[in-house]
Amino acid sequence: MTLVLDGVTVAYDGVPALRDASLELPRGEVLAVLGPSGSGKSTLLRAVAGLEPLAAGTVTFDGADLAGVPVHRRGFALMFQDGQLFGHLSVARNVAYPLRLPGRRRARAATRARVAELLELVGLGGYADRLPGTLSGGERQRVALARALACDPRLLLLDEPLSALDRGLRERLAGDVRRILVEAGTTALLVTHDVDEAYAVADRLALVRDAAVVQSGTVAVVDAAPVDERAARQLGYAHVLDGRAVRRGAWRLAPGPDGLEGESAGVVRTGVGPRLRVVVAGTGELEVPLAGAPAPPVGARVRVVPDPEGVAYL
Amino acid sequence: MAGPGRVVAPRWPALAALAALPLAVLLVFFVLPVGAMLLRGLAPDGHLDLGAALEVLGRDRTRRVLWFTLWSAGLGTLLALLLGLPAAYALHRLAFPGAALLRALVLVPFVLPTVVVGAAFRALLGEGGWLAFLGWDGTPAAIVAALVFFNVAVVVRVVGGAWASLDRRAEEAAAALGASPARVLATVTLPALRTAITSAAVVVFLFCSTAFGVVLTLGGLRHATVETEIYLLTRAFDLPAAACLALVQVVTVVLLLLLVGRLRPAEETVDRAPVAPRGVRRGDLPALGATLLVAAGLVVPMAALVVASLQVRGTWTLGNFRALQQPDVSTALVVPVTEALRNSLQVAVDATWMALLLGVLVSLVVTRRARGRGERVVRRVLDGFFMLPLGVSAVVLGFGLLVTVARPPLALRDEPLLVPLVQALVALPLVVRTLVPVLAGIDDRQRQAAASLGASPARTLLVVDLPVVWRPLLAAGGFAFAVSLGEFGATSFLSRPDHPTLPVVIGRLLGSPGQVGEQSNAGMAMAAAVVLAVCVTVVMLLVERLRVPSLGEV
């Protein structure tokens, strides 16, 4: 295990923002810490970075306790939601920033080559002389990522790296980030409130709420077995009924007498095709993909069963 | 409705209506007198005579004066920055017990009357003072020390305001990338504060190079700056020389103000979310040390002043204060001090409402988002124009008024509102600079939202602008009041002899080193300075209670 948090507690003015958090992250993997805003997930990231003192517990990296190691000696890199590029420096100088620090300085040509390589990696070759103020949000995040990777961090810390972007860009960039991290073999800790972002980028998942880590493990394990109803909802499951969590739209019309009985409320068109709305007493309204089947008339009694692909067991 | 402009339709008439009054006032009571003063010197017989002016510049004494002004102001600026920057950091980024008190304390000298500071440094450095052994009394060192005393406050306010709202995460990102704290400071923090630091430096240099009361009380005739030299020359009726120096000063000031204007970004786009101060860490100790040094530097002269005011020949007494009530004790004292104080307060009340009225109009003119290029240019030119009183010598203004508005056909000399009006002009830049950042910070979409819901322009002002602006407005009023209470340069020319304000009384007492029996004029000056300082401090503490985030960039 590379990064290990053991019983980490952080308090602001005596009020704990993170309680007794324990996590493990093996080398080369990406861990997503998923939680709503104010849940303590950013505090967790800041504690790992060394920006917040620990009230209790330890953070170790490769077996070495990081207590007392200042931020700039940890060899981590930090990337924020809005990039936090240095506005007075060009894109190239932003990316070169860690390469020009004492101790890392190398030949000018080597620095330039490395910067070009990094900009190429994030798909921004030719942007070297632009100023951050002239870039779009997505471009800024790419530069921030290149800058963070420039110092070959032992651990990359990403604080909601894509949340400020619009949906289409976010989905595209999430895939890119995953590719870039895997290519670079970077160990990374990502903090986000967006479950799609977490799934797209991470190998492992930790669920945080009310200042505590409630569940952690590989994405597959956590996704298949949320610990409780709230965890399931955090993971994007829309319905929870008798021990099962079902994703929105993960239903089928049942041919036989199985499943839930409800009443057809007509067809809605959605971004992923037409859906039949079915009102089930006690559960609410479900969306059922029609998959080419004829729509039952409004008011008709229908039976639905969950699609096994969209079901998890608590 | 196209574009992000304001919703009110006719724009030019509205702009003209808002700008008319301040423009008229500034033209009659500022441009006219200053222009007349310059003209009188440069073209004494009606036609331009540059030879006389050039001759003045060639004089040995003039060169000495210019050189002294330059280096004393430069050194003062440098020291104010060196002390002010760490203090700005400690007072606006750190949370520690007493921080609020220190912030208020550092603010006080900003509006402390120059004559009070002059008196305080005399008390500290002069005969029998705590630091008399330094031998600084009457030397340039005393003048520079007093300039720094004043202007550390400017640095702390201007830079501290910017620092307080600087997003900490850029620094954190740099630290995480491996930059040491010193490196983060040099490569991230200071560049981000560059605009604020440069504006502060320019403004401090401006204040230092046009300082009047301090230099006059501490330097006397020996160490004159351009400002005091103009004063002495007008007193000696060498008008060409005075006008020539005034011209040099005006040109320098305009150039510096243009520089500040260029530094300010065209449209404020910086995110100004205040960042919560954090606890003190080990690395902050040098900054805290510098802050304590600043605090000591501010407290010690004032303490020396109080002590000196309470002593007559080494014994504790209230004699100095009692003597202030008896005009017959000293020839320098025309009226009892209570009457001078009443004059001062009366003038300050009038000056305050005038400064607020003009300041609000100017701020509205300057902050409304311009729609076209032409309009933007006009608004920026007006902005610069209304800042002129910031740097143009109060002495030039005072003397100019004396030879223009105070004479027929206007003959306003005995008009009781003349002195307040002039003081309002002196305070105007401060008022505008307090209001503009706040008004500019209001998202114009709020006004659009209000208008789209059916609010009239007046109603929009009431529901959108007023709730945000009323505190800064009160604070600006406080600043104007304090500035007026302490104004000395222009007032010393214009106040009627039988109707002096408190600073004028102090100036007179300090300027005439006499002794009547046990009672020295200097001792009475200290006592009067204490009275004035108490008044101003009370006003400033009230202002600080309003917690206006910052004075904005001057």
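Which domains does the domain assignment give for chain A? There are domain 1 (3-231) and domain 2 (239-313), with bounds that come from an automatic or database domain assignment.

Some ground rules before I go on. This is a predicted model, in which local features need pLDDT of at least 70 and side-chain atom pairs count only at pLDDT 80 or more, while totals for chains, interfaces and linings use all residues. Residues are numbered from 1 along each chain as its sequence is written, and chains are lettered from A and ligands numbered from 1 in the order in which they are written.

I start with chain A. Its C-alpha trace spans about 75 × 45 × 30 Å along the principal axes. Chain A has eight helices and 18 strands; these are DSSP runs numbered from the N terminus, helices being H or I with at least four residues and strands E with at least two. Of its 314 residues, 40% count as buried. Buried means that 20 or more other C-beta atoms lie within 10 Å of the residue's own, exposed means 12 or fewer, and partly exposed is in between, with C-beta atoms placed from the backbone.

Back to the two domains. Their C-alpha centres lie 39 Å apart. Five residues of domain 1 of chain A are in contact with four residues of domain 2 of chain A, where contact means C-beta atoms, placed from the backbone, within 7 Å. On the domain 1 side, the residues divide into three nonpolar, no polar and two charged. For these classes, Ala, Val, Leu, Ile, Met, Phe, Trp, Tyr, Cys and Pro count as nonpolar, Asp, Glu, Lys and Arg as charged, and the others, Gly among them, as polar.

One residue to look at is A232(A), in helix α8 (residues 229-234) of chain A. Why does A232(A) count as buried? Because A232(A) has 24 C-beta neighbours inside 10 Å. Leaving aside neighbours within four places in sequence, A232(A) is in contact with P226(A), Y237(A), V240(A), A245(A), A312(A) and L314(A).

Next, the two chains together. The contact takes 15 residues from chain B and 17 residues from chain A. On the chain B side, α7 (168-176) and α8 (181-192) are the elements that give two or more residues, and α7(B) gives the most, with seven. The chain B side divides into nine nonpolar, two polar and four charged residues.

Now the largest nonpolar core. By that I mean a set of buried Ala, Val, Leu, Ile, Met, Phe, Trp, Tyr and Cys residues joined through C-beta atoms within 7 Å. Of its 271 residues, L157(A), V155(B), V159(B), A480(B), A528(B) and A529(B) touch the most other members. Helix α6 (residues 140-164) of chain B gives the most to this core, with 19 residues. The core also draws at least three residues from each of domain 1 and domain 2 of chain A. As for A528(B), its contacts beyond four places in sequence are L324(B), V337(B), L502(B), V505(B), I506(B) and L509(B).

Last, a helix pair in chain B. Helix α15 (residues 337-367) and helix α16 (residues 373-387) have axes that come within 8 Å and cross at roughly 145 degrees. Axes here are lines fitted to C-alpha atoms, for helices over the stretch in contact, and angles run from 0 to 180 degrees between N-to-C directions. V362(B), V365(B) and V366(B) in α15(B) meet R379(B), L382(B), D383(B) and F386(B) in α16(B). That contact divides into five nonpolar, no polar and two charged residues.

How values were computed
Two residues are in contact if their C-beta atoms, placed from the backbone, lie within 7 Å.
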